[in-house]
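Please walk through the model below, with attention to how its side chains meet. The account moves from charged pairs to aromatic rings and then to the nonpolar cores.

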Amino acid sequence: MTDATRSAAVSSIRLAARFARVREAHQSELAEDYVEMIDDLIAARGEARAADLADCFGVSAGTVARTVQRLIRDGLVNSEPYRSIFLTPSGKRLAEDARIRHRLVRDFLLALGVSAEAAELDAEGIEHHVGPETLAAFSAYLQR
């Protein structure tokens, strides 16, 4: 194997790892958004119903039903037909972790001078894709 071939193979491996991380973030993004919203609804209204989630996300009842079934399968929520949706301890932890990441990203963007509205919107997407090293750097920047 030549040096050029070896270098190309290493670059392909790095590129594949980068895209794998993005795919993983996309897979967890939906679950994080749902458990965070369920937690918010329970705090605000005392319960989270599928109809409320559909309204909040602007999706159909069927989309919510499929997602809730996935969350049940993954051990993040409990629900029975025609009943409210409740977070499991794992779901509650995931919601808290997502909320902490969101606030950190939002606060970092605000510290850079981004408007409050843009920071809130952008944080919603960035929070799912930023890694631990970057979050630690954001936090260190904000501590200064």
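Which side chain meets arginine 106 in a salt bridge of 3.8 Å, N to O? In this predicted model, the partner is glutamate 120. Arginine 106 belongs to helix H4 and glutamate 120 to helix H5 (residues 116-126), so the pair ties together parts that are 14 residues apart in sequence. Glutamate 120 counts as partly exposed, at 35% relative accessibility. Arginine 106 is also partly exposed, at 22%. Arginine 106 forms a salt bridge with aspartate 107 too, with the closest N and O atoms 3.1 Å apart. Aspartate 107 has a relative accessible area of 30% and is partly exposed.

The whole structure holds eleven salt bridges. One of them joins the side chains of arginine 45 and aspartate 52 at 3.0 Å, N to O. Here the two ends fall into separate classes: arginine 45 is exposed at 53% relative accessibility, whereas aspartate 52 is buried at 7%. Elsewhere, salt bridges link Asp39, Asp40, Lys92 and Arg99 in a network.

The aromatic rings come next. Three aromatic pairs are found in the whole structure. Phenylalanine 108 and phenylalanine 138 are stacked, 3.8 Å centre to centre with 5° between the planes. This pair links distant parts of the chain, 30 residues apart: phenylalanine 108 is in helix H4 (residues 89-111) and phenylalanine 138 in helix H6 (residues 132-143). Both of these phenylalanines are buried. Phenylalanine 108 also pairs edge-to-face with tyrosine 141, at 5.3 Å centre to centre and 75° between the planes. Since tyrosine 141 lies in helix H6 and phenylalanine 108 in helix H4, the pair ties together parts that are 33 residues apart in sequence. Phenylalanine 108 has a relative accessible area of 13%, while tyrosine 141 is partly exposed at 34%. Phe108, Phe138 and Tyr141 together form one aromatic cluster.

The nonpolar cores remain. The largest has 16 residues, and Ile38, Leu53, Leu71 and Val77 have the most contacts inside it. At least two residues of this core come from each of helix H1 (3-45), helix H2 (50-57), helix H3 (61-73) and strand S2 (85-87). H1 gives the most, with five residues. Leaving aside neighbours within four places in sequence, valine 77 is in contact with residues including Val35, Ile38, Val68, Leu71, Ile85 and Leu87. Another core lies apart from this one and has nine residues, among them Val105, Ala123, Val130 and Leu135.

Methods
Residues are numbered from 1 along each chain as its sequence is written. This is a predicted model: local features need pLDDT of at least 70, side-chain atom pairs count only at pLDDT 80 or more; totals for chains, interfaces and linings use all residues. Side-chain values use heavy atoms; hydrogens and water are left out. A nonpolar core is a set of buried Ala, Val, Leu, Ile, Met, Phe, Trp, Tyr and Cys residues joined through side-chain atoms within 4.5 Å. Buried means under 20% relative accessible area, exposed over 50%, partly exposed in between (1.4 Å probe, protein chains only). Helices (H or I, at least four residues) and strands (E, at least two) are DSSP runs, numbered from the N terminus. Contact means heavy atoms within 4.5 Å. Rings of Phe, Tyr and Trp (its six-membered ring) pair if their centres lie within 6.5 Å; planes under 30 degrees apart count as stacked, over 60 as edge-to-face and the rest as tilted. A salt bridge is a side-chain nitrogen of Lys or Arg within 4 Å of a carboxyl oxygen of Asp or Glu.
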